[in-house]
Every structure is written in C-alpha cells, then in structure tokens.
Amino acid sequence: MERLQYDDQLHLLTDMAGTAAILELLLSISQQRQPPRIQLYNYYKEVPVASGVENLYLFDDTLCCRTADIQARAIELSRYTIIKCPVFPHDVYASARYNPESREVLLSGFCYAEVLPDRRDAVRVKIGGLLYVDVEAGPDRFRAKLKDLSLGGCALEVPDKGLLGTFTYFYLNLSLTLAERQAPATLRVLARLLRFESTTPPCRCIFLFELERGSEDLIGRYIAQRQGEIIRELKV
C-alpha cells in the first residue's frame, strides 16, 4: 500500500480507497434513517477543534455540508479537515474550503488517514509572539525561542545546532505569564533532547520534560490559558 506523509507531520495518508469510494460511503451514511455521527476534526495552533456536520449533500464531485462556526473558521485557515465516523475503517482526510456566502464547507480529495502515533501523546499549544527560553548546556547558556508547549515537552528554535554540544540533558529556564499571578512564574526544568526536526539554522528541536509536581501544575495552567486564547481567536 502506498503511503504519503501529510505536510503537517500529523497524519499518514493512504490510498486504500479512492475519492469515489469514500464519497459513496459518506453519502450512504448520511442517507440512513438514524445515521452515525459524522464529525470534522482540525488542529488550530496545535489545539484540537471538532464539530459535527449537518445538511450533507453532493454537488458535482464536491461534498457540501454545514458545521459549527468555530470549526468552519479552523477549516478556512487550514484548508483541510479530518472526517471521523464510527463506521469508517480509518479516519478520512479531505481538502476543505469554506464558502462564507453560503456558510458551507466544501470537501473534496478524500483519502484514508492515520494519526502518527508519536505526535499526539499530550495536549499541546502553539506559542504566540516571542517567548524565549534560557537553555543551560553544561556550563554554557544561550537563548532559544519557544515554539510549542505540552506537559510532555516542548519545541525550541535554537540559533545553531552547535550550541547544544554533545549533551543529552539540559536545563530550560522558562518565564510564563499567568492571568491569576501578578508576576510571571519562573521555572527551571530538566529536559532531554529527543530529536531534531530541522538542522539548518535556526534548527527546531524537540525536548521531553522531567517535571516535578509544582512545575507540572504551572505548565498545565499556562497550557489551559493558551488554549482559551487560541479558541477565542476562532470566534472573532
């Protein structure tokens, strides 16, 4: 079976069935007297957004439907969606467009997809703006840009791979602004370098945290706060 990796590195696309076969299955499901729930699923700035569909119908080779406004906004920005239904052998990937005049989502280019198993172990958020982390690499110290964050770890943009030396473990010094605290919360977290996602400067690195209860609580609060900010962006 040929497999194609989707460019957000979240899904592995397969050609187990062509567009026509999946389209026929979707239409037959929607026409049942008590159809199983069909749901659209997206990630916006790493936050999952999911809503059901209604008013499903076929126009030429495009499937048209309506969904919640937040979902439609996420689709408009990402231009794809994952379709989930209990009767599918796998989730379905589809190219997606939003028509603001009809308030409909237009779906095409269907294929089955699998979520890559190492990509969604923990809820994560994309960091907005410039948030820097002081990285301790042995006796040396340098600044890196925080790109996304989860309870399991984070992605950092490092100015140069050579700054990491040959070390495996690092201390990351974070300063997180929380709504309920007047002063930023400062953390010194032990982290293990897991892998490089790019090696050309600035290189993107994935680190895994070894958290204590206090630092886990503060990072969890910050993630929840950031999730709220991201969802509010979709409501604008």
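Leaving aside residues up to four places away in sequence, Ser198 touches Cys203 and Arg204, where contact means heavy atoms within 4.5 Å. The model is a predicted one, in which local features need pLDDT of at least 70, side-chain atom pairs count only at pLDDT 80 or more, and totals for chains, interfaces and linings use all residues. Numbering runs from 1 along each chain as its sequence is written, and side-chain values use heavy atoms, with hydrogens and water left out.

Ser198 sits in the loop between β15 (185-196) and β16 (203-210); helices (H or I, at least four residues) and strands (E, at least two) are DSSP runs, numbered from the N terminus. With a relative accessible area of 25%, Ser198 is partly exposed, a label for values between buried (under 20%) and exposed (over 50%), using a 1.4 Å probe and protein chains only. A polar atom of the Ser198 side chain lies 3.0 Å from the backbone nitrogen of Arg204. Glu157 is 41 residues from Ser198 along the chain, and their C-alpha atoms are separated by 9.3 Å.

Next comes helix α1 (residues 19-30). Its twelve residues should span 16 Å at 1.5 Å a residue, and the end C-alpha atoms are 17 Å apart, which agrees; the expected span is 1.5 Å times one less than the number of residues. The buried residues of α1 are Ile22, Leu23, Leu26, Leu27 and Ile29. Viewed down the axis, these buried residues fall within an arc of 160°, so they line one face of the helix, the arc being that of the directions from the helix axis to the C-beta atoms. On the face turned away from the buried side, α1 carries the exposed residues Ala20 and Glu24.

Then there are the aromatic rings. Rings of Phe, Tyr and Trp (its six-membered ring) pair if their centres lie within 6.5 Å, with planes under 30 degrees apart counted as stacked, over 60 as edge-to-face and the rest as tilted. By this rule there are four aromatic pairs. Tyr41 and Tyr43 have ring centres 5.7 Å apart and planes at 80°, so they pair edge-to-face. Tyr41 is partly exposed at 23%, while Tyr43, at 17%, counts as buried. Phe167 and Phe170 also pair edge-to-face, because their ring centres are 6.3 Å apart and their planes at 75°. Here Phe167 is partly exposed at 38%, whereas Phe170 is buried at 1%. Ring pairs link Phe167, Phe170 and Phe207 into a cluster.

How values were computed:
A polar contact is a pair of N or O atoms within 3.5 Å; within protein, one must be able to donate a hydrogen and the other to accept it, and residues adjacent in sequence count only if both atoms are side-chain atoms.
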